[in-house]
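Take a walk through this model, from the overall fold to single residues. Keep the sequence at hand as you go.

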Amino acid sequence: MTEAPSIQWFPGHMAKTRRLIKECLPLVDAVVEITDARIPLSSRNPELNKLIENKPRIVLLNKCDTADDNVTSMWLDYYKKQGIAALATDCRSGKGVRSFIPLVKTVLSPLLEKRKLKGMAGRPLHIMIVGIPNVGKSSFINRMANSRRTKVEDRPGVTRNKQWVNLDKDVELLDMPGVLWPKFEDKLVGERLAFTGAVKDDVIDLEALTARLLRHLNKYYRTTLVARYEIDALDEDEGFELLEKIGKKRGMLISGGEVNIERAAITVLDEFRSGKLGKITLELPPRQV
């Protein structure tokens, strides 16, 4: 088994975003942290606790239609027991998005009651939307706003500036650029972020990365893997062996009949990231004592 590579990516504009979050906190009533339902733990920025301080927070498990439904339920139960408001959403299907504003109002009910007593009932709630790159922040906001007011692209780090989006007279969202943290202490965190596309592909060995993803899938989601690529997957198969099998099955050959490993790797990663490979979650909730 190859060791997880050390993956790091922290461009300069992300340092600026950290400062921006801190500067804008006094303008908002709560913070919504959007995470990737396939990697709920690795897609949470550990610096946010320090940045957000005591603001009310909601965690969204986004892209839930590409995640394992049973594991997503486990994560929602985990957050509930931690006293954290959480919601599973999916921007493509619209799953869960109608529950978002009611959840915001429930979490901020003490503030709403306080405003009502002060005769400020009509004042809109200001909500900051934060998250790492490529968790679907812009897609979520567009779905909520029924518009394409936020630029959406399937690559990390597109939204560079903060922008306000009005949902209705009651709620306004402040969309912040995606931000990672300077160093991934756990190599597996960096690897999982790379699997989902939160880290720029240019800084990664895509073939080795895909081989490690396939090794994980062969262990935990073999039925899904075999069904998608119509290959034989054995206990002893390493990631590169599976990559070769997939390349052969898909006819990805170069001169001499060798498999085009690079093309196969890009295909597998694209299919995992888009959900074509199936509903897969790479992390379980921490054990609760």
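Helices here are DSSP runs of H or I with at least four residues, numbered from the N terminus. By that count, Thr72 lies in helix H3, which covers residues 69–81. The model is a predicted one. Thr72 is buried because its relative accessible area is 7%, and buried means under 20%. Its surroundings come from elsewhere in the sequence. Beyond its neighbours within four places, Thr72 is in contact with Ala37, Leu61, Ala67 and Ala88.

Now step back to the whole. The protein has 11 helices and 6 strands. Of its 289 residues, 51% are buried. Take the contacts between residues at least 6 apart in sequence: 68% of these join residues at least 24 apart.

Next, helix H7. How many of the 10 residues of H7 are buried? The count is 7, so H7, residues 187–196, is largely enclosed by the rest of the structure. The buried residues are Val189, Gly190, Glu191, Leu193, Ala194, Phe195 and Thr196. They pack against strand S1 (30–36), helix H8 (206–220) and helix H11 (261–274). After H7 comes Gly197, with a positive phi near 90 degrees.

Positive phi also turns up away from glycine. Most residues other than glycine have a negative phi. Lys63 has a positive phi of about 60 degrees, although it is not a glycine. Lys63 sits in the loop between strand S2 (57–62) and H3. Lys63 is buried, with a relative accessible area of 18%. Glu230 is another such residue, with a positive phi of about 55 degrees. Its place is the loop between H9 and H10. Is Glu230 buried or exposed? Glu230 is exposed, at a relative accessible area of 56%.

Turn to the charges. Side chains of opposite charge can pair when their charged atoms come close. The structure holds 17 salt bridges. One of them joins Asp36 and Arg38, with the closest N and O atoms 2.8 Å apart. Both Asp36 and Arg38 are buried. Elsewhere, Glu33, Arg44 and Arg57 are linked in a network of salt bridges.

Glu238 forms a salt bridge with Arg215, the closest N and O atoms being 3.6 Å apart. This pair links distant parts of the chain: Glu238 is in the loop between H9 and H10, Arg215 is in helix H8, and 23 residues separate them. Glu238 counts as partly exposed, at 35% relative accessibility. Arg215 also counts as partly exposed, at 32%. Arg222 forms a salt bridge with Asp235, and here the closest N and O atoms are 2.5 Å apart. Again the pair links distant parts of the chain: Arg222 belongs to helix H9, Asp235 to the loop between H9 and H10, 13 residues apart. Arg222 is partly exposed, at 27% relative accessibility, whereas Asp235 is exposed, at 64%.

Like charges gather as well. Which residues form a patch of negative charge on the surface? They are Glu236, Glu241, Glu244 and Glu258. Glu236 lies in the loop between helix H9 (222–229) and helix H10 (239–249). At 56% relative accessibility, Glu236 counts as exposed.

Terms used:
Residues numbered from 1 in each chain as written. Predicted model: local features only at pLDDT ≥ 70, side-chain atom pairs only at ≥ 80, totals over all residues. Heavy atoms only, no water. Helix = DSSP H or I, 4+ residues; strand = E, 2+ residues; numbered from the N terminus. Buried < 20%, exposed > 50% of the residue type's maximum accessible area, 1.4 Å probe, protein only. Contact = heavy atoms within 4.5 Å. Patch = residues over 30% accessible without salt bridge, like charges linked within 9 Å, V, L, I, M, F, W, Y side chains within 5 Å. Areas by Shrake-Rupley, 256 points an atom, 1.4 Å probe, with all protein chains shown as cover. Salt bridge = Lys/Arg side-chain N within 4 Å of Asp/Glu carboxyl O. Lys, Arg positive; Asp, Glu negative; His and termini not counted. Charge placed at Lys NZ, Arg CZ, Asp CG, Glu CD.
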